[in-house]
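Trainee: Before we start, could you take me through the terms used for a structure like this, setting each value against its definition?

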Amino acid sequence: MNDRAEHIHKAFDEELRQLDNRLAEMGGLVEAQLAGAVEALRRGNTELAEQIVARDKEIDALDIEIDLFSVRLVALRQPVAADLRTIFAAIRISSDLERIGDMAKNIARRTHAVSRFPPLATTASIASMARVVQTMIKQVLDAWTARDTEAAADVFARDTEVDQHYASLFRELLTYMMEDPRNIGPCTHLLFVAKNLERVGDHTTNIAEQIDYAVLGTRSAERETHDPTNSLVPEAEGG
Amino acid sequence: MDMTPGDLVTKLTARGVNVFYDDAHALKQVDLDIRAHEVTALIGPSGCGKSTFLRCLNRMNDLIEICRVEGDIRLDGEDIYDPAVDLVYLRARIGMVFQKPNPFPKSIYDNVAYGPKIHGLARSRGDMDEIVASSLERAGLWEEVKDRLEAPATGLSGGQQQRLCIARAIAVRPEVILMDEPCSSLDPIATARIEALIDELKQNFTIVVVTHSMQQAARVSQRTAFFHLGDLVEVGDTDTVFTKPVDPRTEAYISGRIG
């Protein structure tokens, strides 16, 4: 956890540890869900996809549990300073993890539709974007456990990489669609997948911000979540 | 969010205050400004010097023979330790409310009228009636006692007695009210009433309150000063002290850690 002195009420230390353990458990589950969703999509494994969708309930249940547990800690322990900030950060992290879980579920849900089409080379690009995002999640969860603000800062840097992946995927998919209208179906699904992964990157940076808040008490203003594809217009053929 | 963007006038200034009880160095080189029309809470573990500091502010320590106070304390720029200072007058300007309610064994009316009488604040019975009524009103006690002003004060409940002591303190129109753990012998409801009262009183008075209850400091004060082993460790806006204290000793104390 961290190197602060123990509380006189040892039970409170135990409760804060429990909160960390629950978050770690939730984080591990979210990592596995996202990895599974991308795997299902790549291999067209609809059975795995269904499992992923079903397991999202576990993440939702953990989110509620962390929420209620945190409210209880605030009510009964009346935490202040770093303890208070940690508990609020935990609530927010939990809700970001829950959203990442939803993104994984959404990706898994598209497996069925995408698997009915012949495979596209784009799935490899999706997989490499997913790898960056998965690394970010792992990094941010480790940073939280260690309360390491420097490691959290690295996560921000990686999000730029994710945005670049997303922009290039966007272009790639547009090209496929323009080449052959039969690609429009699978490409639209894959575009949503790419967008989901881009959102996962944003939630991960939210978590990184909470590490700063818990440790230093600073909150940076909402970072610009610039979507480079907002203004991207496919060039008309021959134009 | 800043609650009082207006004028932050300093009412009391303490500079280089040291207090010794015989050889024991109870307060070390304390610099602290108390702002007008704010509630300043002094917190810290037992023996940290917070009550000693409070008692320096109206020279209550003069009563303790072994106690020696060094340094400079000013009220509106005037040195309160100047030998020419009239102690009775000083304590009328800087009133005090103690830990345990200590009404005189007199009627409710006489408790409040006592101070104004010795300070000659009322010219007639009518004047006095008005001072008593308005003081009891400001202390939030009027409605409960207006029909039994001649009843003995000792017959009131603990919470009522403490509000009576506050009425007694404000009857002499002080500028500053010092409170030494004013709620420590009261139940939560009586405590909440006193806390609400403190919040109202700050419009007309400057308040310094010593409390062992961190939650109370958080609820009633705008500024919090943390004392530890005779040092003033940290002073700041209460919301900052309780969400983002600067000194690790403050952090440890307010979050109940073994420092």
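Mentor: In chain A, residues 24 or more positions apart account for 80% of the contacts with a separation of 6 or more, where two residues are in contact if their C-beta atoms, placed from the backbone, lie within 7 Å. This is a predicted model, in which local features need pLDDT of at least 70 and side-chain atom pairs count only at pLDDT 80 or more, while totals for chains, interfaces and linings use all residues. Residues are numbered from 1 along each chain as its sequence is written, and chains are lettered from A and ligands numbered from 1 in the order in which they are written.

Trainee: How many helices and strands does chain A have?

Mentor: Chain A has 7 helices and 0 strands, where helices (H or I, at least four residues) and strands (E, at least two) are DSSP runs numbered from the N terminus. Its C-alpha trace spans about 75 × 35 × 25 Å along the principal axes, and buried residues make up 38% of its 239 residues.

Trainee: What makes Arg147(A) count as buried?

Mentor: A residue is buried if 20 or more other C-beta atoms lie within 10 Å of its own, exposed if 12 or fewer, and partly exposed in between, with the C-beta atoms placed from the backbone. Arg147(A) has 20 C-beta neighbours inside 10 Å and therefore counts as buried. This residue lies in the loop between α5 (122–146) and α6 (149–179) of chain A, and it has a positive phi of about 50° although it is not a glycine.

Trainee: And Leu229(B), which class does it count as, with 14 C-beta neighbours inside 10 Å?

Mentor: Leu229(B) counts as partly exposed, because it has 14 C-beta neighbours inside 10 Å. Leu229(B) belongs to the loop between β9 (223–228) and β10 (231–237) of chain B, and its phi, near 50°, is a positive value in a residue other than glycine.

Trainee: Why is α5(A) called roughly parallel to α7(A)?

Mentor: Two packed helices are described by the angle between their axes and the distance between the axes. For α5(A) and helix α7 (residues 184–216) of chain A, the axes come within 10 Å and cross at roughly 15°; that value makes the two helices, α5(A) and α7(A), roughly parallel, since angles under 35 degrees count as roughly parallel, over 145 as roughly antiparallel, 65 to 115 as roughly perpendicular and the rest as oblique. The axes are lines fitted to C-alpha atoms, for helices over the stretch in contact, and angles run from 0 to 180 degrees between N-to-C directions.

Trainee: How do the residues of the contact of α5(A) with α7(A) divide, and how many are charged?

Mentor: Among the residues that make the contact are Ile126(A), Met129(A) and Val133(A) of α5(A) and Val193(A), Leu197(A) and Val200(A) of α7(A). The residues of this contact divide into 17 nonpolar, 3 polar and no charged, where Ala, Val, Leu, Ile, Met, Phe, Trp, Tyr, Cys and Pro count as nonpolar, Asp, Glu, Lys and Arg as charged, and the others, Gly among them, as polar.

Trainee: Turning to chain B, which are the edge strands of the open sheet, and what makes them so?

Mentor: The sheet has 4 strands in the order β2-β1-β4-β5 (chain B), with antiparallel pairing. The edge strands are β2 (24–35) and β5 (78–79) of chain B, each of which pairs on one side only; two strands pair if DSSP finds at least two bridges between them. Inside that order, 8 bridges join strand β1 (residues 10–21) of chain B to strand β4 (residues 67–75) of chain B.

Trainee: What makes strand β3 of chain B mostly covered?

Mentor: In strand β3 (residues 39–43) of chain B, 5 of its 5 residues are buried. Val39(B), Ala41(B) and Ile43(B) cover one side, and Thr40(B) and Leu42(B) the other. β3(B) pairs in the parallel sense over 4 bridges with strand β8 (residues 206–210) of chain B, and likewise over 4 bridges with β9(B), where Ile43(B) stands opposite Phe226(B).

Trainee: How do you know whether Val241(B) is buried or exposed?

Mentor: Val241(B), placed in helix α9 of chain B, has 28 C-beta neighbours inside 10 Å and so counts as buried. Leaving aside neighbours within four places in sequence, Val241(B) is in contact with residues including Phe226(B) and Thr250(B).
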